[in-house]
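Here is a brief report on one protein chain. Keep the sequence and the model in view as you read.

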Amino acid sequence: MSREFTVAAVDIRLRGVDSLGDGPPLLFLNGGFSTRRQWNRVIDRLGGGYRTVTFDGRTSGGAGTPVEYAVRDAIDDVDRVIEATVLRRPILVGWSHGATIAVCYAAEYPEVVGGLVLVDGACPVSLLDEAGKAGVREAFRRSGRLTRVTARLGGAPGLSPRQRAEVVIATDEVNGQLAADFASLRCPTAFVVGSGGHPEASRERTRMLRAAARAEADNAQVTVFATTTAGRPAHVLARDADIVAAAIHEVARRTTRLAVR
């Protein structure tokens with residue numbers, strides 16, 4: 001049994017699904033521009049042992065289009081959903097952009113979060129220099145026509161190409177400042193990081209893995225649970241759902257162990 005819910009923010013409405021299960025609660029935070037459906041394969045592999053909550057965030061297009069995107073608003077959205085669904089110490093499972101928001105939220109509200117599973121994101125390193133930022137803006141500018149076509153065909157228009165570029169850039173900037181947040185975390189935290197792809201992506205993955213290893217060294221609660229060989233970031237949840245599910249099981253086990261001490 002599950003129920004759909006809607007949470008009103010100032011500029012958008014967040015729509016989600018709560019499985020209402022009796023197991024440990026999981027709150028899934030989407031990758032940038034993705035919807036809650038991205039988690040279906042992972043949730044299927046969990047075997048029904050958890051209460052799962054998914055929602056379409058402000059970057060997905062399914063929540064309505066905010067005037068401008070801000071990381072602060074995305075963090076506050078997590079708080080709104082937790083309050084609306086009455087989740088008690090949920091494990092936040094975030095992919096890419098969602099992983100970054102998960103760490104920011106857990107560092108700000110340590111008493112609320114039971115654990116973190118960070119999938120191919122939130123590694124405390126910035127990957128974009130000024131040329132890289134310009135490249136991101138140009139890539140999304142070129143994708144603008146496809147975005148408009150998708151909207152005309154009935155797809156959610158979501159953010160504009162300019163807004164999408166700024167989401168990527170803002171997330172990268174926040175990642176570069178996460179070292180102190182990781183050092184302060186008090187909940188079990190597991191990284192799942194992709195390691196495959198073309199040579200340029202492999203160099204980025206190496207930097208991400210090194211940053212994750214530093215976070216692991218600075219805080220005993222943080223572990224690099226697994227690396228995957230998915231060739232592209234978008235393939236991690238599709239091809240490695242079993243690994244992500246295993247990371248969730250591990251963090252849930254560690255969270256339960258801490259609770260009974």
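## Confidence and conventions

The mean pLDDT of the chain is 88, and 87% of its residues reach 70 or more. pLDDT is the predictor's confidence in each residue, from 0 to 100. A contact means heavy atoms within 4.5 Å.

This is a predicted model, in which local features need pLDDT of at least 70, side-chain atom pairs count only at pLDDT 80 or more, and totals for chains, interfaces and linings use all residues. Residues are numbered from 1 along each chain as its sequence is written, and side-chain values use heavy atoms, with hydrogens and water left out.

## The chain as a whole

The chain has ten helices and eight strands. Both are DSSP runs numbered from the N terminus: helices are H or I with at least four residues, strands are E with at least two. Of the 261 residues, 49% count as buried. Buried means under 20% relative accessible area, exposed means over 50%, and partly exposed lies in between (1.4 Å probe, protein chains only).

The chain exposes about 12200 Å². Carbon and sulfur atoms supply 51% of that area. The areas come from the Shrake-Rupley method with a 1.4 Å probe; for residues, only the protein chains shown count as cover. Take the contacts in the chain with a separation of 6 or more: residues 24 or more positions apart account for 74% of them.

Met1 is found in the segment before strand S1 (3-8). At 89% relative accessibility, Met1 counts as exposed. Met1 touches Ser19 and Leu20, not counting residues up to four places away in sequence. Met1 and Ser19 are 18 residues apart in sequence, with their C-alpha atoms 6.2 Å apart in space.

Ser19 and Leu20 are also among the contacts of Arg51, leaving aside neighbours within four places in sequence. Arg51 lies in strand S4 (residues 51-56). Its relative accessibility is 13%, so Arg51 counts as buried. The contacts of Arg51 also include Pro24, Pro25, Thr85, Val86 and Leu87. With Asp18, Arg51 makes a side-chain to side-chain polar contact of 2.5 Å. A polar contact is a pair of N or O atoms within 3.5 Å; within protein, one must be able to donate a hydrogen and the other to accept it, and residues adjacent in sequence count only if both atoms are side-chain atoms.

## Two helices

Helix H4 (residues 130-142) has 13 residues, which should span 18 Å at 1.5 Å a residue; its end C-alpha atoms are 19 Å apart, which agrees. The expected span is 1.5 Å times one less than the number of residues. Lys133, Val136 and Phe140 are buried in H4. Seen down the axis of H4, its buried residues fall within an arc of 55 degrees, so they line one face of the helix. The arc is that of the directions from the helix axis to the C-beta atoms. An α-helix has 3.6 residues a turn, so residues three or four places apart point the same way. The face of H4 turned away from the buried side carries the exposed residues Glu130, Ala131, Arg141 and Arg142. At the start of H4, a side-chain oxygen of Asp129 reaches to within 3.2 Å of the backbone nitrogen of Ala131.

Helix H6 (residues 161-175) is mostly covered. Eleven of its 15 residues are buried, including Arg164, Val167, Ile169, Asp172 and Asn175. H6 reaches 21 Å from its first C-alpha to its last, close to the 21 Å expected at 1.5 Å a residue.

## Loop residues

Cys123 lies in the loop between strand S6 (115-119) and H4. At 3% relative accessibility, Cys123 counts as buried. Not counting residues up to four places away in sequence, Cys123 touches Asn175, Phe191, Val193, Met208, Ala211 and Ala212. Cys123 and Gly176 are 53 residues apart in sequence and 8.2 Å apart in space, C-alpha to C-alpha.

Asp120 lies in the loop between S6 and H4. Asp120 is buried, with a relative accessible area of 6%. Its phi is near 50 degrees, a positive value in a residue other than glycine. Arg89 has a positive phi of about 45 degrees, although it is not a glycine. Arg89 is found in the loop between helix H2 (71-85) and strand S5 (91-95). At 36% relative accessibility, Arg89 counts as partly exposed.
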